[in-house]
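Trainee: I have a structure open and want to learn how to read its features. Where do we begin?

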Amino acid sequence: MTRQMTGAKMVVEALKDQGVEVVFGYPGGAVLPIYDEIFQQNGIRHILVRHEQGAVHAAEGYARSTGKPGVVLVTSGPGATNAVTGLVDALMDSIPLVVLTGQVPTFMIGSDAFQEADTVGITRPCTKMNWLVKETDKLADTIHQAFHIATHGRPGPVLVDIPKDVQFATGTYVEKPQARTAHYQPRLAGDPAIIEALVEAMEQAERPVFYTGGGVINSGPRASALLRDLVAETDFPITSTLMGLGSYPASGKNWLGMLGMHGLYEANLAMHGCDLMINIGARFDDRITGRIADFSPNSLKAHIDIDPSSINKVIHADFPIIGDVTHVLEEVLRVWRARGAKTKAVAVKQWWDQIEEWRAVKCLRYTNSTTTIKPQYALERLEALTLGRDRYICTEVGQHQMWAAQFLGFEDPNRWMTSGGLGTMGYGTPASIGVQIAHPDALVINVAGEASWLMNMQEMGTAIQYRLPVKQFILNNERLGMVRQWQELLHGERYSHSWSEALPDFVKLAEAFGAKGILCKDPKDLDDAIMEMLEYDGPVIFDCLVEKHENCFPMIPSGKAHNEMLLGEADTQGVIDAKGSVLV
Amino acid sequence: MSPLNIEKGSTSHSAYDLRSHMSDMVETHTLAILVENEPGVLARVIGLFSGRGYNIESLTVAEVDHSGHRSRITIVTSGTPQVINQIKMQLERMVPVHEVQDLTVEGPFVSRELALIKVIAKGEHRVEALRIAEIFRANVVDSTLQSFVFEITGTPEKVDAFCELMRPLGEVRLARTGVAAIARGV
């Protein structure tokens with residue numbers, strides 16, 4: 001039996017068939033027929049944001065915290081262009097999104113019509129795939145394909161551009177099982193011969209390290225469980241990228257902490273000194289590797305990635321394994337156990353002794369103060385006072401993000417939402433809204449800097465409208481902290497435009513939105529203020545005035561290797577040369 | 001602060017120096033890419049090359065299977081082995097790309113280009129143009145008292161050589177298709 005319906009109705013039907021519960025969106029002329037259909041049903045909940053960028057980041061937060069694709073609905077022209085930053089953010093961090101945009105009617109395309117933009121042209125390099133649907137008969141098939149592509153292989157954002165006449169016209173609905181998806185079936189199982197070789201290398205390794213990334217989380221909770229088994233049974237140390245935090249618990253005994261530019265001393269030196277590096281779902285980003293020529297010079301490297309183009313892109317892989325993390329880890333564990341679960345235990349024990357020496361450096365130490373709140377102290381207290389709660393953390397981008405990654409512990413995957421690849425200031429507030437929509441009873445905190453937070457603060461209106469008790473924990477140093485830090489270290493302390501001379505009163509701002517505002521500037525008041533935030537049943541803007549000139553350490557300066565880390569202020573004199581300063 | 005001293009050919013102005021430790025021998029490869037014949041697919045492929053800074057020396061595209069909605073894009077590109085490898089991987093992961101063949105690696109292949117060359121010449125030069133055309137097996141497809149249009153098919157090098165011989169004889173105007181290529185044998 002074929003079903004006839006309008007294109008607008010097809011959109012809603014297809015979303016229901018795909019199991020979509022929530023859509024983040026903003027209406028406009030070119031999507032009115034779809035909004036009319038949304039009005040006449042109850043199966044799908046629509047969350048009205050305040051800006052289309054907010055819709056995409058909210059959908060990212062939703063997707064990252066649930067493992068399901070996030071869905072966005074926006075209008076043509078400015079609606080679509082406002083969504084672009086979110087699309088690139090999701091592309092860089094491999095977040096599955098399906099973004100539906102309205103378009104001017106097909107007969108007006110190309111005429112510079114009102115609110116017309118070449119959406120598929122603009123978003124082609126910003127999406128994993130996109131489509132302009134010109135016939136209603138193809139609409140349902142395209143939407144089903146869109147979900148398939150967004151969620152299979154390396155996840156990513158896809159976009160379907162739907163002209164208004166296609167929404168009005170009637171056509172045949174294509175059911176989900178009939179949609180064309182056969183042409184896109186990425187390989188999931190790794191090459192058994194290379195897995196066997198990797199297991200052999202694991203048996204021989206004297207200084208092994210697991211280096212894990214967002215791919216473990218994208219592969220699903222089973223991947224994290226397998227990773228934990230593998231780490232427990234081999235007793236190898238494990239570090240993770242920013243995107244992979246939570247796949248192995250921070251309280252786990254083999255955990256070295258995050259690696260990379262602001263990663264932990266022990267994690268980076270383990271990477272530098274290892275003889276076997278097992279990369280699971282990470283991509284050798286430049287924040288991780290530092291100077292390529294001196295990156296982990298004496299190790300064999302295994303690279304497990306579902307995206308073949310990630311392998312050998314930056315770092316040569318000795319054991320290139322193309323496949324899904326869950327499938328590959330299952331096979332690695334099976335082969336390793338079948339071969340007798342052997343490791344060079346004595347050598348690995350010595351390796352651990354070395355790591356303990358590095359750990360004893362206590363690279364996250366900082367000088368606390370009794371008069372000013374140090375940002376690190378604020379996060380330590382936040383961690384202590386929220387420990388054990390059903391907690392989700394979002395961040396903006398900058399120093400606070402790195403401190404959050406260093407000082408907060410993540411026990412489970414999908415609990416940490418941050419903009420890694422693109423580094424999008426303004427990500428955290430809308431992301432926290434998306435997370436809270438998915439987990440209404442959980443504690444959702446956005447650790448922010450005041451500058452990032454101001455970039456999408458309009459989304460507080462969304463939080464109020466849907467009674468979302470998101471906690472905006474702003475570490476306010478009245479500076480663009482990371483920019484200021486680089487200017488201090490690289491640009492002769494010339495602080496060009498890296499501070500805000502006219503910040504709002506955040507408490508009054510909170511009240512203007514209808515939220516609760518809390519100001520805290522004395523370390524002695526901090527615990528009480530944080531408890532007040534946690535106990536308040538509603539959204540809170542917490543203005544935490546912190547030390548203005550604190551730098552984020554440890555730090556691997558641009559163009560340096562892992563063993564050239566700066567541990568604190570005393571190390572910083574003249575360390576970054578002219579060549580390093582041109583790097584990003 | 002001392003002046004910036006960036007090594008010639010270094011990529012360090014844009015990101016970390018990715019290539020210094022790898023082979024920097026630039027190779028030319030001919031890729032045959034079978035794609036879904038749908039709007040935007042060519043833009044997608046070209047966008048990959050411009051967005052990631054890869055070279056395109058020649059590009060041709062046409063539908064090769066009407067009922068199956070398939071087009072073949074032939075690209076001649078150049079780069080270090082690591083870059084060529086990345087180009088293939090990046091192409092292969094595109095959703096509307098069905099197959100990427102590196103003809104240069106896979107074995108002997110035939111590559112041909114068609115060119116239309118207008119030569120505006122007088123007197124003895126017209127005779128000389130016709131004589132050279134005969135040697136190159138170029139056909140005259142249009143003639144006026146002032147001009148000829150030659151059609152020539154061959155490798156890009158043959159087309160180049162023909163054009164170079166024509167230039168001293170008069171004004172040369174040129175339209176080239178770019179390279180189409182296919183593997184020899186089955």
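Mentor: Start with helix α1(B), on the face turned away from its buried side: the exposed residues there are B:Ser50 and B:Gly51. Buried means under 20% relative accessible area, exposed over 50%, and partly exposed in between, with a 1.4 Å probe and protein chains only. Helices are DSSP runs of H or I with at least four residues, strands are runs of E with at least two, and both are numbered from the N terminus.

Trainee: What should I know about the model and its labels?

Mentor: This is a predicted model, where local features need pLDDT of at least 70 and side-chain atom pairs count only at pLDDT 80 or more, while totals for chains, interfaces and linings use all residues. Residues are numbered from 1 along each chain as its sequence is written, chains are lettered from A and ligands numbered from 1 in the order in which they are written, and side-chain values use heavy atoms, leaving out hydrogens and water.

Trainee: Which residues of α1(B) are buried?

Mentor: B:Val41, B:Arg44, B:Val45, B:Leu48 and B:Phe49. They sit on the same side of α1(B), because they cover an arc of only 135° around the axis. The arc is taken from the directions from the helix axis to the C-beta atoms.

Trainee: What do the buried residues of α1(B) pack against?

Mentor: In chain A, they pack against β6 (129-132); in chain B, against β1 (27-36), β3 (70-79) and α2. Contact means heavy atoms within 4.5 Å. Just after α1(B), B:Gly53 has a positive phi of about 75°.

Trainee: How do I describe a pair of packed helices?

Mentor: Give the angle between their axes and the distance between the axes. Here, α1 (residues 41-51) and α2 (residues 81-92) of chain B pack at about 145°, with axes 11 Å apart. Axes are lines fitted to C-alpha atoms, for helices over the stretch in contact, and angles run from 0 to 180 degrees between N-to-C directions. On the α1(B) side, B:Val45, B:Leu48 and B:Phe49 take part; they meet B:Ile87, B:Gln90 and B:Leu91 of α2(B).

Trainee: Where is the cis peptide bond?

Mentor: Between A:Phe553 and A:Pro554, with omega about -5°. A:Pro554 is in the loop between β20 (540-545) and α24 (578-581) of chain A.
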